[in-house]
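Please open the model in your viewer and keep the selection panel at hand. The tour below goes from stop to stop, saying what to select and what is there.

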Amino acid sequence: MNLLDILYPKHCALCDRAVTSREYPVCISCRKELKPIIGPRCMNCSKPIENETEELCLDCRRHHFSYDSGFAVFLYSGKMKDSVLRFKYQGRQEYAQFYGQMMNLFASDYINRWKPDVLMPVPIHREKLVKRGYNQAQVLAETLGGMWGIPVDAKSLKRKRRTRAQKELNPQERKKNLREAFTLNKKVKYDTVVLVDDIYTTGSTVDVLAGLLKENGAKKVYFLTVCIGKGL
Ligand SMILES: [Zn+2]
Ligand SMILES: [Zn+2]
């Protein structure tokens, strides 16, 4: 172990154990447990699908989304779920290195095909930003942008207010509520945007942001996330 490892220990992105720079970003025992999504996936959102004859997951067959398509590396479960939660709420911004390496391995083909002008992190409300000290989606987008040489715009999309308790609302009201929570600086114009976030669950946030970007001239909007919910 060298001095830097003792002074500034880094942590395994899966189990959070302090590791040497040789083992970083994932310790040797956790490497065996890395399980990116493989096998048949939804053509639209990239969720794994059980019935191989289908092209789309049930969610994507039921809804038309405003985004064009997207990609996630892992399922939001087990150690990956814990990892993303620490990345988001416990200051483990360093995990972005690991997520970036995984994106480089699994998402580079998508990026080469999509040829985005810009990466835009899903914004969080200012109050949350102050409390948390960083937007995890922005940390990730900046890591990816640096790695792929793609500009990052973390300013033009804003979350102007927190959404009301979504539970009390019906689906239409929810969508309206969510749509009204975001604004876009109208001066910026991009043809092809990739939205970046830590997780994709129902897809409603990415959907609303894609709609907003397209109303303002974007032709294609894709998403990249570390994890995705299993869905239906
Ligand atoms: Zn580990
Ligand atoms: Zn889908």
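How many salt bridges does a search of the whole structure find? The search finds 12, where a salt bridge is a side-chain nitrogen of Lys or Arg within 4 Å of a carboxyl oxygen of Asp or Glu.

This is a predicted model, in which local features need pLDDT of at least 70 and side-chain atom pairs count only at pLDDT 80 or more, while totals for chains, interfaces and linings use all residues. Residues are numbered from 1 along each chain as its sequence is written, chains are lettered from A and ligands numbered from 1 in the order in which they are written, and side-chain values use heavy atoms, with hydrogens and water left out.

**The whole chain**

Begin with the protein chain as a cartoon, which shows 9 helices and 8 strands (DSSP runs numbered from the N terminus, H or I of at least four residues for helices and E of at least two for strands). The C-alpha trace spans about 55 × 45 × 40 Å along its principal axes, and of the 232 residues 48% count as buried (buried means under 20% relative accessible area, exposed over 50% and partly exposed in between, with a 1.4 Å probe and protein chains only).

**The zinc ion (ligand 1)**

Select ligand 1, a zinc ion coordinated by the SG atoms of Cys12, Cys15, Cys27 and Cys30 at 2.3 Å; donors are N, O and S atoms within 2.8 Å of the metal (3.2 Å for Na, K and Ca), and water is not among the atoms, so sites may look incomplete. The 4 donor atoms subtend angles of 102 to 117°, which makes the arrangement tetrahedral (for four donors, all angles between 85 and 135 degrees).

Next, display the side chains of Glu23 and Arg17, which form a salt bridge with the closest N and O atoms 3.9 Å apart. Glu23 is buried, with a relative accessible area of 16%, whereas Arg17 is partly exposed at 41%.

**The zinc ion (ligand 2)**

Move to ligand 2, a zinc ion held by the SG atoms of Cys42, Cys45, Cys57 and Cys60 at 2.3 to 2.4 Å. The angles between its 4 donor atoms are 104 to 115°, which makes this arrangement tetrahedral, and the donors follow the spacing C-x2-C-x11-C-x2-C along the chain. Both Cys57 and Cys60 are buried.

Now select Asp59 and Lys47, whose side chains meet in a salt bridge of 2.9 Å, N to O. Asp59 lies in helix α3 (residues 58–62) and Lys47 in the loop between α2 (28–31) and α3, so the pair ties together parts that are 12 residues apart in sequence. Asp59 is buried at 12% relative accessible area, and Lys47 is buried at 1%.

Finish with Asp207 and Lys175, which meet in a salt bridge of 3.4 Å, N to O. Asp207 lies in helix α9 and Lys175 in helix α8 (residues 171–179), so this pair ties together parts that are 32 residues apart in sequence.

Methods
Tetrahedral: all angles 85-135°; square planar, octahedral: opposite > 155°, others 65-115°.
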